[in-house]
Amino acid sequence: MADTLEESEPLLSRARGGSGRDCPRGVLTCSSVQESPGSGPVQSRSGAPAHQAAGSTPGQGHRPGAAARRDLCLDQAVVLIEDAIQYRSINHRMDARSLWLYRWYYSSSSQWILSFTIFLILALAFVETPSSLTRTSDVRYRPAPWEPPCGLTEGVEALCLLVFVADVSVKSYLIGWAQFRRNPWLLAYLVVLVASLLDWTVSLSLVCQEPLRVRRLLRPFFLMQNSSMMKKTLKCIRRSLPEMASVGLLLAVHLCLFTVFGMLLFTGEKDAGQDRERLTYFFNLPEALTTLLVLLTTANNPDVMIPVYSRNRAYAIFFIAFTLIGSLFLMNLMTAIIYNQFRGYLMMSLQTSLLRRRLGTRAAYEVLSSVTAEGEAHPKRLGVKPEDFLQVLQKVQLDSDHKQAITEKLHSRGDGLLSTDEFQKLFYEFDKRVIKEHPPRPEYQSPFLRSTQFLFGHHYFDYLGNLMALGNLVTICVFLVLDAHVLPKDRDDFVLGILNCIFILYYLLEMLLKVFSLGLQGYLSYSSNVFDGLLTIVLLVLEISTLAEYGFPHRGWKPATLGLLSLWDMTRLVNVLIVFRFLRIIPSMQLMSLVASTILDLIKNMRAFGGILVVIYYVFAIIGISLFQGVIVAPRNSSLASVNGSAPCGSFEQLEYWPNNFDDFAAALVTLWDVMIVNNWQVFLDAFRRYAGPWSEVYFVLWWLVSSVIWVNLFLALILENFLHKWDRRSHLQSFTQELEDTSEMTQELPFRDVLEEPTEEELVEKLSRHPHLQLCR
C-alpha cells in the first residue's frame, strides 16, 4: 500500500548540481499531485490528468500544469518549514490532499481540541465513581459524595475515544502504512484504543458495576504519546535502568546485611533497651527490613536509635554507619548516575531536534530550488528566488516577530538567488527568542519636563521603589511580630492602616511618574512595570473599598464586619499583595536574577517532566484506589482504629491522618504526595499494614522508588544541568548585556542551543535520500 502511494518524483536532481545517479527522463524535480486511493487520477488546474500536466514543459502551452506544480512545490515548502519550526519529522506524505490534511491536523484549533480531549479524559477520574466531589476527604466528616449516573461519564469518555480514533487514523494515513508498522508508539496507541473500547463496552453491559476498569490505567498513555519530549525522557529513563539497577542491587545488599546485623545485635534478653528496640523495630525480618528502608530516607531518625542509644552510646555506630553508607553514599551515587545518563541522553535528544529543524529547512530549499530550475530552460545557477521564499514565508504559521526578523535579514543581502548556506542561515532566527524593542520615549519641549523625565526614567528611581517595597515589607513583619499573641478581633490596626495608605499612595505616584517618563506604551512594554502596575491598581481598589466601608484609620479601629470581608480580612489581603509585590526586586539582584531565570527556563522546558509526574501519579492513584478503597474507616466504625486519646504516640490515629486515604482520586493524589515527600512515611506504612495487610508495603515502596528516587533525581538532574549551563555562560552574559539592550534577539529557544553541533551536509543529504515519500536523486 505504501509503495503505491509514494511519490515517484525526485526531490533533488542532477540539474541542481548534484552528483550521482540521474533521475528518470520525464520525471519532475518537484513532487507532483499524486493519485489518492479510490479517487482516480487527480486533475490539474487545466482539467487534464496530473501525469499529463507533469509531462508538459515550460514553453509548450501547458502553463496551468506548470502553475499547479509550482503551487504544490510552494505548499510542500510551507509544510517542511513548519515541520522545522516545531521539530517535527518530515517523513510524511507530500501530495496536495495529504498536505492539506497535514496542515489541518497540526493547526492550532485541531491541536487544541486534541489537548482538551486528553485533559478531559484524565479529569474524568475526579468525577467517576468513587467521586471526589466532597469538601473533605477525612473519613470522619466526609459526607456521601454525588455519584454520576451510569452512562454520563461513559458518554463523555466515548466522545474522547472517538477523537483518539480519528487522531490515530489521520496519523497512520499521513505517514503511510509502512512507517506505521515500524512505529511502536502508534502501534501501542492502536492497542490501547482497542483495549479501552472493549473495557468501555464491558462497563455498559454490566451497568457500570464492574469491579475494575482497566481503561483507567491506560488513560495516561494518551498524554505520553502526544509529547515527543516525554517519549525521549522515557527512553532516557529506560536506558538508565541498567546503571540504576546496579546501584539498587548495592542498596539491597546494604539493607539485607544491616538487617541481619541489627537482628543479631538487638536480641538481648537482659538489656531492656535491646528488648525494646527488638520489639519496636526489629521484631521480625520484614519489620526490620522496613525499619531500615525508612531509615535510608532518614524519616525515622533518630527515633529508631533512641531505645538502645539511651542504654549504650556504642550502638550509635550501627545507625551512623548505615546512614553514611546508604543515604550519603549510595543514594547520592544513584543521583550521580541518573544525572550523567540524563545529561548525555538529553543532549542526544536535543541534537535530534536540531537535526530535524535543519533537515526540514534543507528539504524546503531543495523543493524551492526545483521551482527556480523549472522556470528556466537552461538554469545557469542553482538557488531559491527571494520572491518565492517570501511567498512561502507569508503562508507559514509563524509569529510576526520572527517573520519580520527573517524578512529584514533577507532584504539586508543583495539581489540574486539564495544559496544553500544563505537559505539555512535565514532560519537561524528560529533558534532565537525575539525580544521586542521598547517604544521610544515621549519627547517634551519644556526643559523642566525633560529633566523630570530623565530623573524618573533613570534606573535609580527603580532602586528607590525597591527600597520602599522593602520598607513596606519590614513594617508588615514588625506588626506581625508585635501582634503575634493578640487575637485578630482585639488588634488595633491604626498605625499599620496609616502606613499602608502612605505606601500605596507612593506606589500610585511611582506608576504615574513612570508612565510620564516612558509613555504608556513604553511603560507597558516592560513586564516588571505591568506586574507593578496591576498590583498597584488592585491595592488601590482594595484600599478605597476599605476606606469606603470602614472609614479612615483611627485609634481603636476595630469596626464590625461589613459586606463580604471583615476589616482584618481586607487588611490581610492588602498585606499579602504587598508581600507579593516585593518580588519586583528579583531582576535587580544579579545572582537572584540568574536563579530566577533558571527557574523560568525550567518551567518552560519541564512539560515533559511534569507530564511524566502526572502519568505516574495517575497510574499509582488508580492502583491505590483499586487496592485500598475503604480500608481506612472512621474510629467509630472500626475496631482496628484506636480512640485518639489511647492511640500510640506518632501513629496514624494519634496524628489524625484520616484525610490521607484512597477513597477517591483526589485523596489518593494527596496521599501519594505525602508519601513522596517521605516525611513520616513510616506512619503510612504502619497504618496500611494494619488496615490492609503486610503486602501493602510493596505498593508504597514501589511508589517511593518511582517518585522519590527516579523522578526526583531526574528533576534534580534537569535543575543542575540548566543552572550549571547558565553559570558557565555567566561571564559571557555579563559582557553581552549591553549588546542585548540594543538588539531585539536573544538565543536559547532550544535548551543548551550553543553547545549543540550543526549537522553536516552529508548527514542532511543522507537523511533526505531515505525520505519514504520524496525520492531523492543525486
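I looked up T290 and found it buried, with a relative accessible area of 14%. Buried here means under 20% relative accessible area, with exposed over 50% and partly exposed in between (1.4 Å probe, protein chains only).

The model is predicted: local features need pLDDT of at least 70, side-chain atom pairs count only at pLDDT 80 or more, and totals for chains, interfaces and linings use all residues. Residues are numbered from 1 along each chain as its sequence is written, and side-chain values use heavy atoms, with hydrogens and water left out.

**Around T290.** I placed T290 in helix α13, residues 285–296. Helices (H or I, at least four residues) and strands (E, at least two) are DSSP runs, numbered from the N terminus. Setting aside neighbours within four places in sequence, I listed L685 and E697 as the contacts of T290; contact means heavy atoms within 4.5 Å.

**Backbone checks.** Most residues other than glycine have a negative phi, and most peptide bonds are trans. I noted the exceptions below.

- I found a cis peptide bond from T129 to P130, with omega near 0°. P130 sits in the loop between α5 (108–123) and α6 (152–175).
- I found that N301 and P302 are also joined by a cis peptide bond, with omega about 5°. P302 belongs to the loop between α13 and α14 (306–309).
- I read a positive phi near 60° for C208, which is not a glycine. The loop between α8 (184–205) and α9 (214–218) holds C208, and C208 is buried at 15% relative accessible area.
- I read a positive phi of about 60° for V678, again not a glycine. V678 lies between α27 (665–676) and α28 (681–692), in the loop, and is buried with a relative accessible area of 14%.

**Nonpolar cores.** In soluble globular proteins, nonpolar side chains tend to be buried together. I took a nonpolar core as a set of buried Ala, Val, Leu, Ile, Met, Phe, Trp, Tyr and Cys residues joined through side-chain atoms within 4.5 Å.

Which residues have the most contacts inside the largest nonpolar core? I listed F164, F222, F389, F423 and W681, in a core of 136 residues. Helix α15 (residues 316–374) supplies the largest share of this core, 19 residues.

I then looked up F164 and, leaving aside neighbours within four places in sequence, found it in contact with L114, T117, I118, I121, Y189, L193 and F222. I also recorded a second, separate core of 18 residues, which includes F461, L535, L542 and V574.
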